[in-house]
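Hi everyone, thanks for making time for this. I'd like to walk you through one model today, starting with the overall picture and then moving to a few individual residues.

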Amino acid sequence: MKTILYATDCAKKSVPELKYAYRLSKAMNAEFHAVHVYDLMPIVTTTVRSRGVLQKNFEEEQHNILKTYCQKYLKKEEGYLQMNYHAVKSDSISEAIIKTASKIDADLVIVGIKDPYSLRGIFTANIANELMSSLHAPLLILPDYALYEDWSNLLYATDFEESDLHALERLVELAEPFNAQIEIVHIPRKGADYHDRKMEWFKSMVSLRIPYTNIVFSSRRADDVETGLKQFIEKDHPEVLVMMERQRESFIEKLLHKDLVKTMEYDISIPLLVFNKKRIIRRPSEEIDRSMTETYALQ
């Protein structure tokens with residue numbers, strides 16, 4: 001873990017998220033970047049200065065707003081270090097975040113969930129969904145007023161896919177600085193067959209592929225995935241729920257849309273770390289023999 005990017009709107013309400021992101025980067029000894037996306041309103045009045053000069057001045061002003069915001073609320077943090085600031089002009093917040101993440105080769109991107117009734121909040125779910133579908137880096141979504149705690153237990157929800165193995169390899173990089181336990185959980189659907197066989201196959205593949213020892217496996221039958229995960233969260237109190245973004249209209253998408261909470265039993269209450277299935281990059285040094293995979297799958 002080398003680089004963390006945190007996207008902020010520089011609002012006072014977002015200070016807990018800023019501190020969470022900074023403390024996490026410090027714990028991981030990662031370079032910390034903050035990005036603030038702004039849009040320059042059209043200039044319709046006559047002015048002595050050129051539009052280019054006004055735009056440059058506005059860009060510098062936005063950069064100073066971001067820098068002042070971070071320094072004001074982080075100056076009392078223990079071991080406060082130099083950080084990097086990015087004020088980006090764009091009419092698309094998600095595109096600006098994606099480009100900045102690519103530019104600095106971010107290993108993790110952090111955003112917050114806003115009040116749905118705020119000016120920016122009504123767009124937050126769409127932004128998070130756009131980021132999940134386009135980022136190569138994992139996305140950490142923080143709930144309102146998230147308070148940082150060292151990671152000791154990460155709850156990973158699996159569906160026994162090979163892409164889960166790639167995600168777990170990346171997750172280990174985040175867990176290792178804390179020696180955090182990774183609890184791999186599966187919620188069998190009603191009428192699901194071969195659950196035990198699939199679990200044993202997946203355990204075998206994890207042991208072959210991932211040398212991290214602090215991993216445990218759990219399963220719990222429930223009426224639906226949402227209920228099952230809620231029970232795990234209430235029982236095990238993980239610091240982070242980790243999931244794979246597998247398809248649209250997914251459970252993750254429901255979590256992010258506040259107006260759909262009425263149909264859910266709970267909303268995001270802990271940070272949510274999301275990997276994108278289509279953008280998990282397989283590293284050549286970590287390839288495994290597919291015939292071995294198929295052999296285990298058939299056992």
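Let's begin with how the chain comes together. Among contacts in the protein chain with a separation of 6 or more, 79% are between residues 24 or more positions apart. The chain has nine helices and ten strands, and buried residues account for 50% of its 299 residues.

Now, a word on confidence, since this is a predicted model. The average pLDDT over the protein chain is 79, and 75% of the residues score at least 70. Where is confidence highest, and where is it lowest? Strand β1, residues 3-7, takes the top spot with 96, while helix α9, residues 290-298, has the lowest mean, 42. Two stretches also deserve a flag. Residues 117-123 have a pLDDT below 50, and beyond near neighbours in sequence that stretch makes six contacts in the model. Residues 257-266 are below 50 too, and there the model has 20 contacts beyond near neighbours in sequence.

On to the interior. In soluble globular proteins, nonpolar side chains tend to be buried together. Here, the largest nonpolar core has 55 residues, and the members touching the most others are L24, L140, W151, L171 and I182. Which element gives the most to this core? That would be α5, with seven residues. If you click on L140 and ignore neighbours within four places in sequence, you'll find contacts with residues including Y20, L24, W151, V240 and P271. There is also another core, apart from that one, with 33 residues, among them A7, V37, I270 and L272.

Helix α1 covers residues 15-27, and at 1.5 Å a residue its 13 residues should span 18 Å; the end C-alpha atoms are 18 Å apart, so the two values agree. Its buried residues are V15, E17, L18, Y20, A21, Y22, L24 and S25. Just after α1 comes N29, with a positive phi of about 55°.

Helix α7, residues 225-236, passes as well: its twelve residues should span 16 Å at 1.5 Å a residue, and the end C-alpha atoms are 16 Å apart, so expectation and model agree. In α7, E226, T227, G228, L229, F232 and I233 are buried. After α7 comes H237, again with a positive phi, near 50°.

D105 sits in the loop between α3 and β4, and has a positive phi near 55° without being a glycine. Is D105 buried or exposed? Its relative accessibility is 57%, so it counts as exposed. N179, in the loop between α5 and β7, is another non-glycine residue with a positive phi, about 50°. N179 has a relative accessible area of 52%, so it is exposed.

Let me zoom in on α5 now. D164 belongs to this helix, which runs over residues 162-175. An aspartate with a relative accessible area of 0% is worth a look: D164 is buried. So what does its side chain reach? One partner is the side chain of Y156, through a polar contact of 2.5 Å. Another is the backbone nitrogen of D159, at 3.2 Å.

Next, T8, in the loop between β1 and α1. T8 is buried, at 5% relative accessible area. Setting aside residues up to four places away in sequence, T8 touches V35, H36, L66 and Y69. The C-alpha atoms of T8 and G112 are 7.9 Å apart, although 104 residues separate the two along the chain. A polar atom of the T8 side chain also lies 2.9 Å from the backbone nitrogen of C10.

C70 is in no disulfide either, with the sulfur of C10 as its nearest, at 6.3 Å.

Conventions. Residues are numbered from 1 along each chain as its sequence is written. This is a predicted model: local features need pLDDT of at least 70, side-chain atom pairs count only at pLDDT 80 or more; totals for chains, interfaces and linings use all residues. Side-chain values use heavy atoms; hydrogens and water are left out. Helices (H or I, at least four residues) and strands (E, at least two) are DSSP runs, numbered from the N terminus. Buried means under 20% relative accessible area, exposed over 50%, partly exposed in between (1.4 Å probe, protein chains only). A polar contact is a pair of N or O atoms within 3.5 Å; within protein, one must be able to donate a hydrogen and the other to accept it, and residues adjacent in sequence count only if both atoms are side-chain atoms. A disulfide is a pair of cysteine sulfur atoms within 2.5 Å. A nonpolar core is a set of buried Ala, Val, Leu, Ile, Met, Phe, Trp, Tyr and Cys residues joined through side-chain atoms within 4.5 Å. Contact means heavy atoms within 4.5 Å. The expected span of a helix is 1.5 Å times one less than its number of residues. pLDDT is the predictor's confidence in each residue, from 0 to 100.
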